[in-house]
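Hi,

Here is the structure I promised to send over.

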Amino acid sequence: MPEWQLNPLLRLTWRDWGGDSVVFDATSGQTHQFDRLTAAVAACIAEAPRSTRSLCDQFAAEAGLEHPEQLLQAIDQVVDRLHLLGWVRPLATAS
Amino acid sequence: MTHPDLLSRLWASPQPPSWTHRQWEIAVGQARRTRLLARLGFHFTDRGWMPLVPARPAAYLGTGILAAERQHREVHWELDRIEAALSGIDTPIVVLKGAAYVLAGLPAARGRLFSDIDIMVSRERLNEAENALLAAGWAQQPHDDYDDQYYRRWSHELPPLKHVQRGTVLDLHHTITQPTSRFQVEGRRLLERALPARPGGRLLVLAPEDMVLHSVVHLMQEGELDTGLRDLLDIRDLVVDFSRQADFWPKLLDRASELRLQIPLSHALVQLHRLFGLTWPTELDSQVAQLDPRRVGGPLMARLLTAALRPHHPTCDTAWSDAARLALYVRSHYLRMPVRLVVPHLIRKAFRRLKPKTS
Amino acid sequence: MKLGDLSPSAIRRRLRGDGLCLRTGPFNYRIRSPIDSVASGLGLLYEQVPLVDDSEYIDFTITMARGRGLRRWFRPQVRFEVDGETPFEPLPEDHAYPMLEWAMNWCVSTQAHQYLLLHSAVIERDGRAVIMPAPPGSGKSTLCAALIHRGWRLMSDELALINPFDGRLVALARPVSLKNESLDVIQRFEPSAVLNTPVGETFKGKVSHMKVPEWHLSRIHETASARWVVFPQYQAGAEARLEPRPKADSLLELAQNAFNYSLLGPSGFRTLGDLVDRSDCYRFTYSKLEQAMAVFERLRLDAQTSGGDTGHGHAGSDKVPPPGRADDGNSP
């Protein structure tokens, strides 16, 4: 299971008013509106490379979820989209 | 109405101009038309001349600089995306022209605006590369969207690709000369000398002498002289910078012979000498003269000078062009989760705990 | 000296000669045109606008020229020229005055990037500004035209200019453009409104421009701070209601209504972020102008009594209940 890291080219500024977040990346000049989960995933990966499993475990623990399969699926989809956007990429593992 | 020498005189002058308000209006208008507003802005800031510029035109020079800075930021992202798209294709990727100057951090990048990114791949992998780009979100633009004349004039091998989300335009080449040009250069020979733009990076740029020759050959595109002055300024900046390398000039002259680009080079050197007083090592004088012994490039000179300040041809609408309509410039992307979350409020809590900071 | 100090023939003379130079807000224009309707339109609508000396730096030089060749006489056309280029297709000559106004807007929206530029109306009261972004058909111009006759100061009906350094709005106060039914509505609402001769059958329908009353122009140098962002939507038969709009949404929508948001990059984001921070953001649905006036009056009074115009008001705050019903967001 790969760990995902944030594209080092990104220069992010976040604004948040309790609902969706808005984030601006100075490198690409793009502005995005993220829902809560996407923002949470992006914020966690921005701090340190993470696998989707580890994110799921963390969020599930916080939420007290016993069977977080749906959550894992959702996080996988978020990461997929962030990958397509160029925001995250799999960390190359040393062999 | 037109005052052709206002700008061209400026570039070579060691003194700041003392222009009336009216002359400033004309200079700004011409710079805008020839896509040189950013260059004009940097020209003044780099020399510490901005305090001498009246407030209103200074603001417009500032907006020119803004455009160049924004574009340069975004080029790095665009190149990152291109590299990612081509990660599975076994080909060198050579970045050309303006994007290359930015990538390699050359002085020629300063104030340089460009509407497309040009890259060169190996001829054998051209179709594979295009397919990979199409898969990564670039699309072929419908032919009708172009100014037909413009497209035919350029006659690219492949029509430019436009990214569906970012709106940026990419031109894919396998060499630096157009199929219809009377000067033909094999891409293979350029690839042989291409260098990494950054140590250890995959993206390449042309060798210094090839970069100059590319810009030189651009000047000589059949009938395409809209960007004459801008191209000359590019060549000047490149040459002045590369001249600091001891063997640059001999290499440039030898390579021009090798690639049969003596005439375009001679033409460019004559223009550079006339407009900006550019010189080369005196021991190479006879070699330079030998580039074009019959002075074939002569008649083009007059055309170039008059065309130099002709209105810039409107390019197809790209993310970096000054669109003349009520355009939406925001590229935003709303990612919405398809799955209803069971405990959204607890996720919010998780998010708050890791409160994102400005990175 | 103001444009109204010139006789009609003097106005025509300048337009046909070296140009008529005037200042609207922060911008100096030089206008040239041989076309009579341009002269008469300017004479009517720009009476109190200051003239500018030709030796000053003129930001934009606009020529409203006659058609080329055959089109000079046969189904005559008007062409907009600037910097030696013609950015628009030629139009029938009777469209010359509206085309001039569009041309003046175009110059600002494509070049004045020292400001963050929004496609929206801006009005001001007590130093607090309402920004009303809106795509065509939202009714913003009608609303704007009505409000400025009920005590709100016009800063602009089309282009919001925001200074990225201090976030303050700068006034343009040019004539308000109105079309089709709005023309009748405004004439009934405010019989004293001065309107230019309408031009029928433009691609926008029937178009005219309304003169800005003098007191707005006398205060054109006053900047203002944004306090509300209201996204108007005219809806036939609807009761006027304000619905709070989430700030993230509002920021994105504002950015999409900007001409140069991407160009400004980080400063564009910061400017809009700060603006949304300090403003209450609403969607506004209405059909009757009088009801709309009452809603805006309520906003104004609430701001006066609560004061404290610094970064308050979350999305979801219903400080201003819509008239007549609980905030359930549903129309009858």
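**What I found**

In chain C, five strands make up an open sheet, ordered β1-β2-β3-β4-β5, with mixed pairing. (Strands here are DSSP E runs of at least two residues and helices are H or I runs of at least four, numbered from the N terminus; two strands pair if DSSP finds at least two bridges between them.) The edges are β1 (20-24) and β5 (91-92) of chain C, each with a single partner strand, so one side of each has no neighbour in the sheet.

Before going further: this is a predicted model, where local features need pLDDT of at least 70 and side-chain atom pairs count only at pLDDT 80 or more, while totals for chains, interfaces and linings use all residues. Residues are numbered from 1 along each chain as its sequence is written, with chains lettered from A and ligands numbered from 1 in the order in which they are written.

Back to the sheet. β4 (residues 77-81) of chain C is antiparallel to β5(C) and joined to it by two bridges. Q77(C) sits opposite P92(C) of β5(C). Lying across β2 (27-32), β3 (60-66), β4 and β5 of chain C is helix α3 (residues 96-111), at about 150 degrees to β3(C). (Axes are lines fitted to C-alpha atoms, for helices over the stretch in contact, with angles from 0 to 180 degrees between N-to-C directions; contact means C-beta atoms, placed from the backbone, within 7 Å.)

Then there's α10 (residues 289-306) of chain C. Its buried residues are L289(C), A292(C), M293(C), F296(C), L299(C) and A303(C). (Buried is 20 or more other C-beta atoms within 10 Å of a residue's own, exposed is 12 or fewer, and partly exposed is in between.) Seen down the axis of α10(C), they fall within an arc of 120 degrees, so they line one face of the helix; the arc is taken over directions from the helix axis to the C-beta atoms. On the other side, E290(C), L301(C), D302(C), T305(C) and S306(C) are exposed. Cover for the buried residues of α10(C) includes β7 (128-133) and α4 (140-147) of chain C.

As for chains C and A, each gives 13 residues to the contact. On the chain C side, α7 (247-256) and α9 (266-278) each supply at least two residues, and α7(C) has the largest share, five residues.

Last one, in chain B: S115(B), in the loop between α5 (97-103) and β2 (116-120), is buried, with 21 other C-beta atoms within 10 Å.

Cheers

Note on methods:
Two residues are in contact if their C-beta atoms, placed from the backbone, lie within 7 Å.
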